[in-house]
Amino acid sequence: MKKLEVFGVVKLKGQITISGSKNASLPILAATLLSNKKISLNNLPKVKDIETMISLLKSLGSIVEYNKKTINIKNNKQVKTFASYSLVKTMRAGILVLGPLLAKFGKAKVSLPGGCAIGTRPVDIHLEALSKLGVKYKIIQGYVHANAPKGLIGANIKFPKISVGATENLIIAACLAKGKTILSNCAIEPEIKDLVNFLKKMGCNIKWTTKRTIKIKGVNTVNELDYKVMADRIEAGTYLIAAALTEGNLKIRGINPKIINTEINILKKIGAKITQKKNEIVIQGSKKIKNINIKTAPYPGFPTDLQAQMMVLLCKANKKSYIREEIFENRFMHVAELNRMGAKISIKGNKATIQGNIKFKAAELMATDLRASVSLILAAITSKGKSIINRIYHLDRGYEDIEKKLNKVGAKIKRIN
Ligand code: UD1
């Protein structure tokens, strides 16, 4: 099994260009199912989750062609409505094909995504909301069997809780529903804004009416289009934290700083010096890292997808810090591994107490989920000696060329196959 050897201690210095956003690409790929015309996508990151979503589309009958960095998708021959467990089990975003399949064909059989290391991650909000658009469903042997006998019909839907995936599934489905749909209490992550931009360019009739409310008027057909996916804000945040952690100096290119304002302000409070331009952020980490208390929250709050990385940084703070995880109930899998490296982190419920002034020690480690694995790399680059990180397939789900990008700015990471 593939693993990484990581040698510390290093200071990161240089430039990193941010790849396309995984979490924006996934719903956009699912939304291509709405169309019968050619769709060209640019800037999709080369990561496993995108490959899995493309395999899922192909299994549904999409024709996918690669032309240099562009991916062309045609769905004119796409007739299948069955998304199998083998493709959906590794990637929860597989459930995002449910909305577009129902919108286009009025029926779908899609595997439930199943368990996940960071929590139970149910899809009840997706299903309840779809049923308000006229969908009838049953869950039989791990599959959602859904159909809309009269087609999807627009409705007023208030999400009981903010959910990124449910907001995306419903926005996509409502684009072809008869009449008007109003979705309120929506997630407003930048990736959702990107999905909406994509759908509008495709000819869908969508309008934000308040901060968390969206109005969609169903259309009958959609256009051909060419679209460039936004940059990955979680990847950018990860490298900013890496710079702050190693007293490094990094120029992060290809990302609009406005979408990671919360993260930038927190890093400034911790002591990092940050300057920003239109599509560029320069960070200089400071010797002294100040403690801070953080809680994760839906956008524009601090993202749960950066919680593990931030925890590593806070291990180096001058005093004790606290992190409250408000999104996923079990997202502290990295803590046991960080403690094996010398961290002093204790967990009570959803609150982590992080003692500062830690000197990490190199160790052999086990990655447990995508963001946990990157947090182990961050700890390892600040540990003297060689660390080994096992099960890096988690990492490959979401970070394009991570060891290449980090090695270019001074890290020493080797992939062992
Ligand atoms: C997306 C992101 C993930 C990120 C998360 C929160 C993608 C592909 N993934 O995941 O990286 O960590 O947003 O920002 O974009 N919930 C329910 N029932 C549902 C749906 C969600 O109870 O039907 C709960 C979840 O268990 C969780 C919370 O709502 O506690 C938020 O989950 P959600 O925003 O839906 O996350 P994802 O879309 O799965």
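Is Trp208 buried, partly exposed or exposed? At 22% relative accessibility, Trp208 counts as partly exposed, where buried means under 20% relative accessible area, exposed means over 50%, and partly exposed lies in between (1.4 Å probe, protein chains only).

This is a predicted model, in which local features need pLDDT of at least 70 and side-chain atom pairs count only at pLDDT 80 or more, while totals for chains, interfaces and linings use all residues. Residues are numbered from 1 along each chain as its sequence is written, and side-chain values use heavy atoms, with hydrogens and water left out.

**Surroundings of Trp208**

Trp208 belongs to strand β12, residues 205–210; helices (H or I, at least four residues) and strands (E, at least two) are DSSP runs, numbered from the N terminus. Leaving aside residues up to four places away in sequence, Trp208 touches Cys186, Ala187, Ile188, Ile192, Lys193, Val196, Thr213 and Ile214, a contact being heavy atoms within 4.5 Å. Ile182 is 26 residues from Trp208 in sequence, and their C-alpha atoms are 9.6 Å apart in space.

The domain assignment of the protein chain gives domain 1 as 3–19 + 231–416 and domain 2 as 22–228, with bounds that come from an automatic or database domain assignment. Taken over C-alpha atoms, the centres of domain 1 and domain 2 are separated by 31 Å. Across the interface, 23 residues of domain 1 are in contact with 22 residues of domain 2.

The size of an interface is often given as the accessible area lost when the parts come together. Domain 1 and domain 2 bury about 1,800 Å² between them, with 52% of it on carbon and sulfur atoms; buried area here is the accessible area (1.4 Å probe) that two parts lose on being put together, summed over both. On the side of domain 1, Tyr299, Arg397 and Glu400 lose the most area to domain 2, together 33% of what that side buries.

Between domain 1 and domain 2 there are seven residue pairs in polar contact, both residues at pLDDT 80 or more. A polar contact is a pair of N or O atoms within 3.5 Å; within protein, one must be able to donate a hydrogen and the other to accept it, and residues adjacent in sequence count only if both atoms are side-chain atoms. The residues on the side of domain 1 that touches domain 2 divide into nine nonpolar, four polar and ten charged, with Ala, Val, Leu, Ile, Met, Phe, Trp, Tyr, Cys and Pro counted as nonpolar, Asp, Glu, Lys and Arg as charged, and the others, Gly among them, as polar.

**Salt bridges**

Side chains of opposite charge can pair when their charged atoms come close. With a salt bridge taken as a side-chain nitrogen of Lys or Arg within 4 Å of a carboxyl oxygen of Asp or Glu, the count comes to 14 salt bridges, and the count between domain 1 and domain 2 is two. The table gives some of them.

| Salt bridge | N to O distance |
|---|---|
| Arg397 and Asp49 | 2.8 Å |
| Glu337 and Arg340 | 3.2 Å |
| Glu247 and Lys11 | 3.8 Å |

The side chains of Arg397 and Asp49 meet in a salt bridge, and this pair links distant parts of the chain, with Arg397 in the loop between α13 (393–396) and α14 (402–408) and Asp49 in helix α2 (residues 48–59), 348 residues apart. Arg397 is partly exposed at 23% relative accessibility, whereas Asp49 is buried, with a relative accessible area of 2%.

Glu337 and Arg340 both lie in helix α11 (residues 333–340), three residues apart, about one turn of the helix, and Glu337 is buried, with a relative accessible area of 12%. Salt bridges that share partners join Lys22, Asp49 and Arg397 into one network.

The side chains of Glu247 and Lys11 also meet in a salt bridge. Glu247 lies in the loop between α8 and β15 and Lys11 in the loop between β1 and β2, so the pair ties together parts that are 236 residues apart in sequence. Lys11 is exposed, with a relative accessible area of 52%, while Glu247 is partly exposed at 27%.

**Backbone features**

Most residues other than glycine have a negative phi, and most peptide bonds are trans. Glu247 has a positive phi of about 55° although it is not a glycine, and Asn185, also not a glycine, has a positive phi of about 60°. Asn185 is placed in the loop between β11 (180–184) and α7 (190–201), and is partly exposed, with a relative accessible area of 22%.

A cis peptide bond joins Gly8 and Val9, with omega about 5°, and Val9 is found in the loop between β1 (3–8) and β2 (13–17). The peptide bond from Tyr299 to Pro300 is cis, with omega near 10°, and Pro300 is found in the loop between β18 (293–295) and α10 (307–314).
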